[in-house]
Amino acid sequence: MFRSATLKNTFSIVALGLASTFAVAGALFLTSYERAYNQSIDKVSTEADAIAFQVEADLRNAYKTVFDLKTTLSQLKKHANQDSRATVNDILSETVENNPLAFAAFTVWNANAFDGRDKDFIGKPLHDQTGRLVPYFFRDGANTGSMVTPGYDDPQLAGVVGALPAGRAMLFDPYLYTIGDKKLLMTTIAMPLHSDGKSVGSLGMDFDLNTIATRLASAKPMGVGRVILISAGKTFIVHPDPALLTKPLTDDGANGGFFDALVSTDTGHAETMGQDGTPDISVSKRITPFEGATMYVIVSVPKSVVLADLYRMIITSTATIAACAIVMCLAGWFVASRFSRRIAGAISQTTELARGNFDVTLSDTETNDEIGDLARSLDVLRNAGRRKVELERETERSREQQEAERIERARIAEAQEVEVKFAVHELADGLRKLSGGDMTVRLGRPFTPSLDLIRDNFNLSVEKLEDAMLAFSDNTIIIQGGSDEIRHAADHLARRTEQQAASVEETAAALAEITSSVKSSTARAEKAGHSVSQTRQRAEQSGSVVRRAVEAMGAIERSSGSISNILGVIDEIAFQTNLLALNAGVEAARAGDAGKGFAVVAQEVRELAQRSALAAKEIKALITMSSSQVNEGVALVGQTGAELETIVKEVQEINQHVEAIVCAAREQASSLHEINTAVGQMDQMTQQNAAMVEESNAATHTLASEVAALTQRLQQFRIGQAQSTGRMAA
C-alpha cells in the first residue's frame, strides 16, 4: 500500500510534523526545565538568605557591644584616677548582665598600661601578682561571677590579638566549654586596645551560641529542610548530628567534600546526601558580620521536594506529546486514503482522453481543490479535441485564400520599392552637394506623389539657408573693417596709460614711505609722553601709599597688644573646657551604657579645647614676631617715601619736554597724511583706467580674430552673386 506517492507524501508530512513537534517540545522542555530548576534553586537560596541575615544580625550586635566596651575603656584610661579600676569592673559586670547572648566579658592590660599604678594593686582581687588589671566576669546562673581572666598570660594568644590594627576585631572559632555537667557552644570576639599607636592590652566577650544553634536546628526550610552553620576554620557550629559540633567538615563523610567546595566558592549550590540516603539540594551563603569575621550558612532541602513541580511538568508534557503523535498518525492515514481514491479516478479519465475518447464522463469538476482543477483542465482538453477536426477543415480553406493575397502584395511592394530607390538617390545627391558648400543645389525631377513633399521641403530649406549666408557675408566685411580701426587706437591708448600709471605708482610709494616714517615717530613720541605721565602719577601715588602704610603699621602694632590679651582669655577658656570634658568623661564611664554617647561627645570637646589652646599659643608667638617686623618696616617705608619725592620732581621736568616734542610730531604727521591720501586716490584711479584699457584692448583683438575666422568659414560656401563681393573684401 505504500507504493502510492500520495501515501508516501502524506506520511512524510506527518513524520515531519511529528519531528517538528518533538523538536519544539524538546526545546521548550529544556528551557522550562532549566527555568524550573533555577526557580527551585532560588527558593532554597531565599530561605538561606533569610537565615543568614538573622545569624549575621546577632553577630553584628555582639561585635557592636565589644566595640562600645572598647570605646568606654579607652576613655577611662585617658582620665584614669584612683577609682577607675573599680569602674572598669562595674562596666564589665553590667555588660554581661544586660546582654542575653553574652556569657563573659574580660579585659587584659599590659604592665602599668592602664594608670601606671600596678604596684598599688598587688594581691588585690581581679589583678595578678604584679598588679596588672585582668578581670573576667561571667554568667553564673542568675548571678554574675568574677575571676582573673583564664589564660591571660598565654604569649601566643596575646601576640595574635595585640598584633591586630587599632579598631580591628578577631572572631575565634566556636568551641565547647564545660560548666558542671553541661557543655556550652561558645565563641569569643577579642579586640586590641591601643594608645598613642601602641598596644596596651586587649578586651573581649564570650558569647553563648546555644540560643542561635537551637533556633537554626529547629528551622525547617520548605517544611522538610535542615540548616548547617560552618565557621571560617571549616568546623561545624550547627549540625543535625550533635556529635559533629566543632568537628571539621571531613568528619561528615562524603558530604564533607561537598560542604568544603560550597564554602570555598562563598556561595553556590550542590547536590549532597540527605540523612535518609536520598539526594539533597544544598545552598551556601557567606556572612561577614564585621571585618575579619566569616561564617557560612548551608541550607539543605531534599531534591524530591525542591524539584516536585518540575517532575509533574515532565510527566504532563510527555503524555501530551504522545497523544498528539497518535492523533496525527490517524488523521494522516484517513486523508491519504481519501486522496488516493480521487487521484486514481482522475488517472483513468486522463487515459480515455489520450485514446481519443472525448465522450468520457469527468468527475470532481465541481470541487474547489487541486483534483477539481485537474478535472476542469481535462474538460478543457476534451472540448479542444472535439474542435480539432473542425479547425483542420477551416485551416485548409484559409490556406488557399492567403496564398492568392500574398502574390498580389508582392507585386505592389516591388513597384513601391523602385519609386523609393529613385527618391533616396536624388535626395542623397542633393545632400552631398550641400555638405560640400554648394548653396545653389536644387532637386528638379519630381518624386512619386507620396514622397514629392520631401523634395519641396529640401529646395525651400536650401534657398533660405543661401539667403542667410549672403547676409552673414556682408555683415562680416563691415565688422572686420571697424574692428581693425578700434584695435590700432586701443594699442596706442594702452601704451600711454601704462606709462602714466607707473609714474603715479612710484610717486605714491615714495610718499607713503615718508608718511609711515613720520607716523611711526609720532606714535613713539606719544607713547614716550604717555609713559612719562604714568610714571609721574605712579610716583605720586606711591608716596601717598607709603604714608598710609606707615599709619596702617602703627595701627597693626596697637592691635597686636589687644589680640594678645584676647588670646590669653581663649587659653584660659580652653583650659577650663578641658577640665570639664575630663570630668564629663569620667561620669559617662560610670554611667555605663547610658553614658556611652555622652562619653564620646566629652572626648571630642576635650580634643577641641586642647587644639584651641595650642592654636592660641602659636598665634601669640606669631603676633610678637610680627610686631618687631612692623617696626622695622615703618623705618624702611619712611626712607622709601623720601626717595620717591625726589623722583617725582625729576619726572615732572622730563614730562614737559616730551609733551612739546609730541605736539610738533603730531602736526607733521597730520599734514603728510593728507598729502598721502590725495596721491593714493590719484594712483588708484590711474590703475583702474589702465586695467580698463587693457581689458578693452584684449576684447578688440579677440573680436578682430573672430571676424577673420568667420570670414574664412563663409568663403568655403558657394553662394552665387555674393562671391564677387567676398572677393573684393578679401
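The model is predicted, so local features need pLDDT of at least 70 and side-chain atom pairs count only at pLDDT 80 or more, while totals for chains, interfaces and linings use all residues. Residues are numbered from 1 along each chain as its sequence is written, and side-chain values use heavy atoms, with hydrogens and water left out.

Strand 1 (residues 102-109) has eight of its eight residues buried, so the rest of the structure largely encloses it. Strands (E, at least two residues) and helices (H or I, at least four) are DSSP runs numbered from the N terminus; buried means under 20% relative accessible area, exposed over 50% and partly exposed in between (1.4 Å probe, protein chains only). Strand 1 runs antiparallel to strand 7 (residues 198-208), with seven bridges, and Val 108 has Ser 202 as its bridge partner there. Three bridges tie strand 1 to strand 2 (residues 135-140), also antiparallel, with Ala 104 opposite Phe 138.

Nine salt bridges turn up, counting a side-chain nitrogen of Lys or Arg within 4 Å of a carboxyl oxygen of Asp or Glu. Asp 115 pairs with Arg 85 at 2.7 Å between the closest N and O atoms. This pair links distant parts of the chain, 30 residues apart: the loop between strands 1 and 2 holds Asp 115, and helix 2 (residues 84-98) holds Arg 85.

Glu 56 and Arg 60 meet at 3.0 Å, N to O; Glu 56 is buried at 17%, whereas Arg 60 is partly exposed at 37%.

Conventions:
Two strands pair if DSSP finds at least two bridges between them.
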